[in-house]
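Colleague: Before we go through this structure, could you show it and set each value against the definition behind it?

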Amino acid sequence: MLKRLFSYYRNYKIYAILSPVMMLCEVIADVAIPMLMGLILNKVSQESISSEDIGYIATVGGAMVLLALFAMFCGGYSNRLAAKASMGAGAELREELFVKIQSFSFADVDKFSTPSLITRLTTDVNNLQQSSMMVLRMAVRSPFMFLFAFIAAAIINVKLACIFLVAVPILAVVIFIIMKKAHPRFTNFHHEIDNLNTSVQENLVNMRVVKTFVREEHEKEKFKKSNDKLTDTAINAIKLVIMNMPFMQLIVYACIIAVLWFGSSIVLDTSIGHLLGTVEENTGMMAGNLMSLITYVTQILSSLMMLSMMFLQFTRARTSAQRVLEVLDTEPSLSNPDNPIFTISDGSIEFDNVCFKYEGGTVDDTLKDISFRINSGETIGIIGATGSAKSTLVQLIPRLYDVRCGSVKIGSHDVREYDLEVLRDSVAMVLQKNTLFSGTIRENMQWGKHNASDEEIIEALKNAQAWSFVSSFPGGLDTDLNQGGVNLSGGQKQRLCIARALLKKPKIIILDDSTSAVDMATDAKIMEAFGKELKNVTTIIIAQRIRSIQTADRIIVLDEGAVNAVGTHKELLENNEIYRDIYTSQQEGVMGQ
Ligand SMILES: Nc1ncnc2c1ncn2[C@@H]1O[C@H](COP(=O)(O)OP(=O)(O)OP(=O)(O)O)[C@@H](O)[C@H]1O
Ligand SMILES: [Mg+2]
């Protein structure tokens, strides 16, 4: 895992190497300073100070100041380099994640869920960046600080330095236990962030629905629940981490007391000093040395503290890294074939014993043994109760999902044999839940064809019966669609989506309930224009209203994921019970109005 993450530093190698080097310089300076301070204190604590001593003190003092400045420079510069390396590598990781997510099929996105993907792209990558910055600086600073300060302390007094050797294993065991327990708690914590994001995203995207159903209270309650749960899991995880701090301090103070206790005894040349055997022929410590020693104690212990914090950050980073790599390691369930076909000969479609099931969906297949053939240029209507899998069926044609068994063929080749881009360019689909994007109407239309001229756009808008209202806007094609078209009516949006699909000049066009918000007269005009302008284009129209499809060449009646009947409006009215029932109920609706 680490090796893979390191590979993102390839463009920032120089920063990633220089930062620890600078940090090392800072550590050396930091450790040298107390040594110099000890020298000064030793001089000061002598009974008489000569003018020679004053010169000595000034020189050593000057050296201390220079070293302090040097340490400051190195530390600051190291931080800057670490930030450059970490932020840069993080940005590359984020970009790769984004590109990967773009290659995901609908099924892959279903698997992770959109909010979870957002959290992985933002919070998790951020987490890794923070950890990387910490590691670049601390992974060098802590162990070297520990080592150098320990050596310096040992030079002053070996036996006192040994106090640390008792403290370190205790610390190591405690950190290990905390880390082991913290990992699953952080995994839980990140899972809860996903849940909270789901709640927020759903609410914000569907704000209008929430308000019309006066569901604010309910939504508040729902949000409160996920927020409380997140707080609980966060506290649960952090509880462990903060235990680290008091424990560390306990050990730091215990060590300082031990050094002071034994150290002062040595300095005062008391019996304990003798007992320890450190006082040998006037080699006891001087007060200055004791001061330096205490500074080293703090340095050693603060380095241990930093080390423990770093390990804890590691635990969090590990969770994030796993979540990020999980996305990167997902092979898109839809991929281009090895030797793709780049041309689609015609718009004929054939379903051959197709079955399909959503991952994590119901036990039964959503589509069961579907077989039919549509000739190139034919207009086909699909009708069926809600949930009868109409949308599911047509999504298999441009390979938004792949079949579980059987095959879907276009122009007598399996859709899986075509280059994905070519396939999706040739099959234009107006999804049931379609969206426009922020930007002008022209920009939105150019999603269909990136270099479409105004004439082409206007022609498509006319065929979709959208030109009449677009031309009435003062801005015309330059009208801005705020937040994907909140300033348009539902029917207007649907017509723009149809125009966008028409611009692709596809071989097959699929309208999934795309005129549901359009009034019947306009709907009829759209169908008429389709009949005239799209003679050679295979057209599939899913509709709730029989009127929208009754002029189709043939109509497929779907019932619970299976084909119930295929025929013309007239044939079905005569022979098919489901179709007749729908027709009668809609006639009654019309009569009743
Ligand atoms: N992404 C998904 N994951 C799991 N199950 C799904 C998914 N999308 C749809 N389903 C299920 O598949 C079945 C068929 O859904 P589908 O959307 O194809 O119906 P439909 O005929 O288009 O309905 P409607 O007329 O309401 O648009 C439903 O039971 C639905 O719950
Ligand atoms: Mg549908």
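Modeller: Contact here means heavy atoms within 4.5 Å. This is a predicted model, in which local features need pLDDT of at least 70, side-chain atom pairs count only at pLDDT 80 or more, and totals for chains, interfaces and linings use all residues. Side-chain values use heavy atoms, with hydrogens and water left out.

Colleague: Which residues does Leu496 touch?

Modeller: Not counting residues up to four places away in sequence, Leu496 touches Leu436, Ile441, Met445, Leu461, Ala466, Phe469, Val470, Leu481 and Leu488.

Colleague: What makes a set of residues a nonpolar core?

Modeller: The members must be buried Ala, Val, Leu, Ile, Met, Phe, Trp, Tyr or Cys residues joined through side-chain atoms within 4.5 Å, where buried means under 20% relative accessible area (1.4 Å probe, protein chains only). The largest such core has 43 residues, with Leu461, Leu496 and Ile509 making the most contacts inside it. A second, separate core of 35 residues includes Phe356, Ile380, Ala389 and Ile556.

Colleague: How do you know that Lys390 makes a polar contact with ligand 1?

Modeller: A polar contact is a pair of N or O atoms within 3.5 Å; an N or O atom in the Lys390 side chain is 2.7 Å from an oxygen atom of ligand 1, so the pair qualifies. A polar side-chain atom of Ser391 also lies 2.7 Å from a ligand 1 oxygen atom, while for Ser388 a backbone N or O atom lies 3.2 Å from an oxygen atom of ligand 1.

Notes. Residues are numbered from 1 along each chain as its sequence is written. Chains are lettered from A and ligands numbered from 1 in the order in which they are written. Buried means under 20% relative accessible area, exposed over 50%, partly exposed in between (1.4 Å probe, protein chains only). A polar contact is a pair of N or O atoms within 3.5 Å; within protein, one must be able to donate a hydrogen and the other to accept it, and residues adjacent in sequence count only if both atoms are side-chain atoms.
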